[in-house]
Amino acid sequence: MATNLTDNNSASYANGGSYNINGGILNIGGSGGLIFNSAGTDNATATVGSAAGQLNINISSSLLSFSGNRTANLTITNTPPSNFLINLSLSGTSSTATARFANGTTTITAVVSGGVFPLRSTITINITMPGNPYNLGSTTRTLLSSNGNASICYLPGTKIETPKGQVLVEDLAQGDEIYTFVNGQKTTDVIRWAGHKTVNAKTQDDKAIRVKANALADGVPFKDLLVTPEHCLFLNGRFVPARMLVNNRSIVINAAETFEIYHIETEKHAVIMADGAFAESYLDTGNRQSFHSDDTVVFGGFDAAKDWAEDAAAPLDVSKEFVEPLYNDLLQRAETLGFASEASDAQFVNDPSLALITAEGDVLPLLRTSGQHAVFQVPAGLDRVYLTSRTISPRDLLGAFVDDRRQLGVMVKNVTLFDGSETHHITSHLGNNTVSGWEQQNEADRRWTDGCAEILLNNRNAQSEGVLSIEIVAGGPYLAGSTNSAATSVAKVAAA
């Protein structure tokens, strides 16, 4: 029998469940919903009535208390009203949410990966429904990225050019006129929506970017401009995220960990002038209502989410070929103008600090290294191990103009297990996306780890102690002072 959800009444998703949502709330995950504690797949169905309602998806790394992957599928059997809200609150090592309409079906997919080693896991939530209630195109739209809400906004004190002169962003409201710029020509547009919220930066990547006065050109900006990392500046006819221009001289990461942010949205996404610099108005890619519910992306209930490919005022360009020359020009300008460096020169080491760890937290002996091969002793009966190492981001190694924020450990080619008289060529890391800790495979015979990668040892001789040879074909250099954090956390777990 179906569970009826009306008048804001709520229920928790369960495998095999059936729900009639008509003004009520269905929870998946979080304190009010299913706690995921084992690998596997769950399925449930729902219908949505004319009173709509809400679907709350709340998954955090604290809920990923198992090693493996789990999937929860919810099939909505009818086309819901466009004001049926899907609330996404996701946090983990990696968190993404996307929406797409294709072949008559709308699909919303949320993926969270994380956990504490060795309990590393991934949860996938798939929501499908017939029809296109949110007016999506066939292009997959990102609702939430791995860094949480990709907020495009200004910090208080930013002066926006308007017909009334320079007005502080925090003083602008719906219905106010501002200037926009099309092909360099000034026009007038109206603010259709304005919003704000408080940000608590969890990592360095979440902190605001400070574009110092004169960083871009003489008088541009005319005072320090503070924006969120994903906020774009309009340079050479294209939009570039501010984070990709950080040179630690004239464009730097701001120190504050807690700050207010402000959005202003024009009728169409536009180039506007902020503190004398060309930048952007707000583009609603699905996180509008995160300003009314902190750390939650709300999909539905306002307008169809927009994306850069179809709705932006100018192309977004994060390619190294476009951004690196801009970065170099701005760095040279900063040096010429005497902006002092706010970061010490990075020092690097080549040692990856390899370790092989069991799921129970034991560090296995490294017998020897020979050329590109690291050879470890593996106890009898062990069916999986974890290769851990230092990591580095290509961005940290090459520069902010590289739009690659992966944390790369080492690149592994051949893995061979000598198990008594038997030899096994291990391929669990190649073409297998169910093993944890491996980056997307770009080459057929090798793959990067993310610093803590699972290796499956199948078909073992249960009575024999083995020797595992791992061929490392690339890795590093790594920032000096960085550690094998996975090995450190495992040692703590084992000690406890």
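## Arg210 and Asp224

In this predicted model, Arg210 and Asp224 join their side chains in a salt bridge, with N and O 3.1 Å apart. Arg210 belongs to strand E17 (residues 209-211), while Asp224 sits in the loop between E17 and strand E18 (225-227), so the contact ties together parts that are 14 residues apart in sequence.

How covered are the two partners? Arg210 counts as partly exposed because its relative accessibility is 22%. Asp224 is also partly exposed, at 28% relative accessibility.

## Other salt bridges

Another one joins Arg390 to Asp351, where the closest N and O atoms are 3.9 Å apart. This pair links distant parts of the chain, 39 residues apart: Arg390 is in the loop between E31 and helix H3 (394-398), and Asp351 is in the loop between E26 and strand E27 (355-357). Buried means under 20% relative accessible area, so Arg390, with 15%, is buried.

## A four-stranded sheet

Now to a sheet that includes E31 and E27. Which order do its strands follow? The sheet is open, has 4 strands in the order E28-E27-E31-E35, and its pairing is antiparallel. Strand E28 (363-364) and strand E35 (452-456) stand at the edges with a single partner strand each, so one side of each has no neighbour in the sheet. In general, the strands of a sheet pair through backbone hydrogen bonds, either parallel or antiparallel.

Take a closer look at the pairing with E35. Strand E31 (residues 384-388) runs antiparallel to E35, and 5 bridges connect the two. Within this pairing, Thr388 stands opposite Cys452 in E35.

Which residues make up the nonpolar surface patch? Phe348, Leu397, Leu398 and Leu479 form it, with an area of about 320 Å². Phe348 is found in strand E26 (residues 348-349), and its relative accessibility of 35% makes it partly exposed.

Key:
Residues numbered from 1 in each chain as written. Predicted model: local features only at pLDDT ≥ 70, side-chain atom pairs only at ≥ 80, totals over all residues. Heavy atoms only, no water. Pairing = 2+ DSSP bridges. Patch = residues over 30% accessible without salt bridge, like charges linked within 9 Å, V, L, I, M, F, W, Y side chains within 5 Å. Areas by Shrake-Rupley, 256 points an atom, 1.4 Å probe, with all protein chains shown as cover. Salt bridge = Lys/Arg side-chain N within 4 Å of Asp/Glu carboxyl O. Buried < 20%, exposed > 50% of the residue type's maximum accessible area, 1.4 Å probe, protein only.
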